[in-house]
2 protein chains.
Amino acid sequence: MNQRQFVAGGKSGDGGGRPGKNGDGPKRHEAIYQSISDAIIEHRLKPGARLREDALAEVFGVSRTGIRKILQRLALEQLVTLTPRRGASVTRPTADEAKDVFDARLMVECGLMPEIARRITADDLAALRDMARRERQALKAGEQSTAIRLSADFHTRLASISGNATLADFVERLCSRSSLILAVYGNAGHLGCESHDHDDLIGYLEAGNGERAEAFMGRHLKAIEASLSIHVEEDEAPDLFEIFSG
Amino acid sequence: MNQRQFVAGGKSGDGGGRPGKNGDGPKRHEAIYQSISDAIIEHRLKPGARLREDALAEVFGVSRTGIRKILQRLALEQLVTLTPRRGASVTRPTADEAKDVFDARLMVECGLMPEIARRITADDLAALRDMARRERQALKAGEQSTAIRLSADFHTRLASISGNATLADFVERLCSRSSLILAVYGNAGHLGCESHDHDDLIGYLEAGNGERAEAFMGRHLKAIEASLSIHVEEDEAPDLFEIFSG
DNA sequence: GGGGCACAAAGCGTATACAATGATCGGCAT
DNA sequence: ATGCCGATCATTGTATACGCTTTGTGCCCC
């Protein structure tokens with residue numbers, strides 16, 4: 001809450017093609033970060049895709065230095081994997097990581113529900129309803145990318161209502177990683193959250209029924225996890241011994 | 001001082017006085033990161049302390065580039081605060097952040113207890129007991145810095161037993177931030193965890209009693225939080241409007 | 001005498017250059 | 001012909017150089 005966005009006024013003048021020397025830095029980097037992050041979350045960049053530094057630098061019109069910074073941030077959020085001399089690539093979550101992420105979501109998102117039910121306002125409800133509606137629209141229109149992102153946004157926004165910035169941030173990261181997990185282990189056509197689930201959840205929250213919301217969220221997350229086809233394919237380190245020793 | 005970088009390459013066409021270009025990079029950066037992180041956690045760098053890039057670069061014998069990377073990583077873990085044109089400083093947690101961190105710990109560390117009790121092994125118990133013993137020793141010897149770090153290590157190690165790397169990592173971060181919070185709001189002489197608390201907890205875990213361990217951890221964390229003197233001093237962004245407009 | 005403005009110094013943000021490393025491909029020996 | 005070895009290439013990692021913003025101080029004007 002103390003993000004102190006320093007809008008260093010003055011002449012920002014994001015002058016088009018010319019790479020601004022300085023001054024518009026943070027805003028521009030944040031935008032680039034969002035672009036890449038969104039592309040990953042929306043599955044436009046698929047797990048395993050390589051992210052070459054100079055290619056990204058050229059695309060966004062900044063130097064490799066800035067790209068490196070962004071890549072490292074994404075690596076800390078585990079959206080990209082940084083292999084020491086090989087560069088960056090979109091993280092391909094393992095089955096274990098997938099389980100960890102969903103266990104964590106189960107614990108945190110459910111645990112947050114009572115507090116959320118206590119603190120939710122009419123504005124929050126309206127915003128959530130709008131997001132759920134747009135998600136349904138996107139799903140109906142076949143825009144899976146948008147739907148995935150909106151679903152993650154819904155859960156993230158929900159967590160932020162709790163007032164606990166630390167936990168909300170954690171949930172945001174978990175949702176991002178969940179998108180990645182869906183990309184690897186999800187089945188086409190049965191995408192993540194059922195659309196009416198979010199609406200039902202909103203209903204419980206509007207009624208102030210934190211306990212039912214908590215239980216529902218638990219079922220909701222378990223349903224998502226169950227819909228995944230987590231075949232433990234050891235592509236990371238194939239057990240050659242086990243495979244060929246027989 | 002360690003300005004001795006063994007450069008493996010035989011050919012060094014340019015000036016020989018240049019420090020080691022490359023080769024020991026990742027290891028060295030990790031070590032520097034640990035140094036700074038430990039110094040912050042052990043309160044040898046106090047909240048608010050400024051961390052100038054070139055000073056650190058000179059101290060550790062690397063260039064500013066590497067220091068910047070480390071500083072950004074620390075900033076993402078919220079151990080240091082990066083103000084856009086003003087550089088880095090050790091984060092001074094606000095009262096709100098402190099509450100968020102302890103609420104998060106309450107939820108996650110308690111929630112993890114049953115699983116930990118289920119999975120804990122004899123080796124884990126021995127390691128934990130050793131850590132608790134060393135913590136007691138340090139506390140008795142008056143080495144607060146060491147005691148603080150060991151206490152954080154204890155909680156972190158405990159969380160890692162759960163097998164959930166994601167949540168363990170989260171707990172590790174929360175513990176680091178807690179050290180910072182203790183530095184700001186803690187009372188001298190009544191430092192963080194009571195030493196026998198950890199031993200009691202080990203007892204419950206050894207007995208496989210996850211529920212009692214969970215309850216005890218809850219009391220433990222609440223006791224720590226209660227021992228803080230959180231006077232809401234808005235030094236971060238004093239609401240001058242609110243103060244002087246009346 | 002006090003306050004505002006200008007100049008200078010310091011420090012951060014970005015870009016570019018250079019070096020090292022891992023991968024790939026061609027040549028050579030067996 | 002095939003397998004191994006060396007050279008070249010592509011790509012990252014690090015350092016340095018330069019510009020911009022901020023801040024502190026001194027001078028001038030009121």
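**Entry 1. Terms and conventions**

I count two strands as paired if DSSP finds at least two bridges between them. I take helices (H or I, at least four residues) and strands (E, at least two) as DSSP runs, numbered from the N terminus. I note that this is a predicted model, in which local features need pLDDT of at least 70 and side-chain atom pairs count only at pLDDT 80 or more, while totals for chains, interfaces and linings use all residues. Residues are numbered from 1 along each chain as its sequence is written, chains are lettered from A and ligands numbered from 1 in the order in which they are written, and side-chain values use heavy atoms, with hydrogens and water left out.

**Entry 2. The sheet of chain B**

I looked up the pairing of β2(B) with β3(B) and found it antiparallel, over four bridges. Within it, I read B:V90 in β3(B) as the bridge partner of B:V80. Three residues lie between β2(B) and β3(B) in the hairpin that they form.

I then turned to β1(B), which runs antiparallel to strand β3 (residues 87-90) of chain B and is joined to it by two bridges. There, B:R50 is set opposite B:S89 in β3(B).

In general, strands of a sheet pair through backbone hydrogen bonds, either parallel or antiparallel. For chain B I record an open sheet of three strands in the order β1-β3-β2, with antiparallel pairing. Because β1 (50-51) and β2 (80-83) of chain B each have a single partner strand and stand at the edges, one side of each is left without a neighbour in the sheet.

**Entry 3. The sheet of chain A**

I repeated the search in chain A and found an open sheet of three strands, ordered β1-β3-β2, with antiparallel pairing. Its β1 and β2 stand at the edges with a single partner strand each, so one side of each is left without a neighbour in the sheet.

Strand β1 (residues 50-51) of chain A is joined by two bridges to strand β3 (residues 87-90) of chain A, and the two run antiparallel. I find A:L51 opposite A:A88 in β3(A). Strand β2 (residues 80-83) of chain A pairs with β3(A) in the antiparallel sense over four bridges. A hairpin of three residues leads from β2(A) to β3(A).

**Entry 4. Where chain B meets chain A**

I took contact as heavy atoms within 4.5 Å. On this basis, 30 residues of chain B are in contact with 28 residues of chain A. As a rule, the size of an interface is often given as the accessible area lost when the parts come together. I used buried area in that sense (accessible area, 1.4 Å probe, lost by two parts on being put together and summed over both). Chain B and chain A bury about 2400 Å² between them, with 58% of it on carbon and sulfur atoms. In chain B, the most area is lost to chain A by B:L76, B:M107 and B:T166, together 24% of what that side buries.

Which helices of chain B each supply at least two residues of the side that touches chain A? I list α3 (64-76), α4 (95-119) and α7 (165-185). The most comes from α4(B), with 10 residues. I sorted the residues of this side into 11 nonpolar, nine polar and 10 charged. For that sorting, Ala, Val, Leu, Ile, Met, Phe, Trp, Tyr, Cys and Pro count as nonpolar, Asp, Glu, Lys and Arg as charged, and the others, Gly among them, as polar.

**Entry 5. Salt bridges**

I defined a salt bridge as a side-chain nitrogen of Lys or Arg within 4 Å of a carboxyl oxygen of Asp or Glu. How many does the rule find across the interface of chain B and chain A? I find zero there, whereas the count over all chains comes to 35. I looked up the salt bridge between the side chains of A:D130 and A:R134 (3.6 Å, N to O). Both residues lie in helix α5 (residues 122-140) of chain A, four residues apart, about one turn of the helix.
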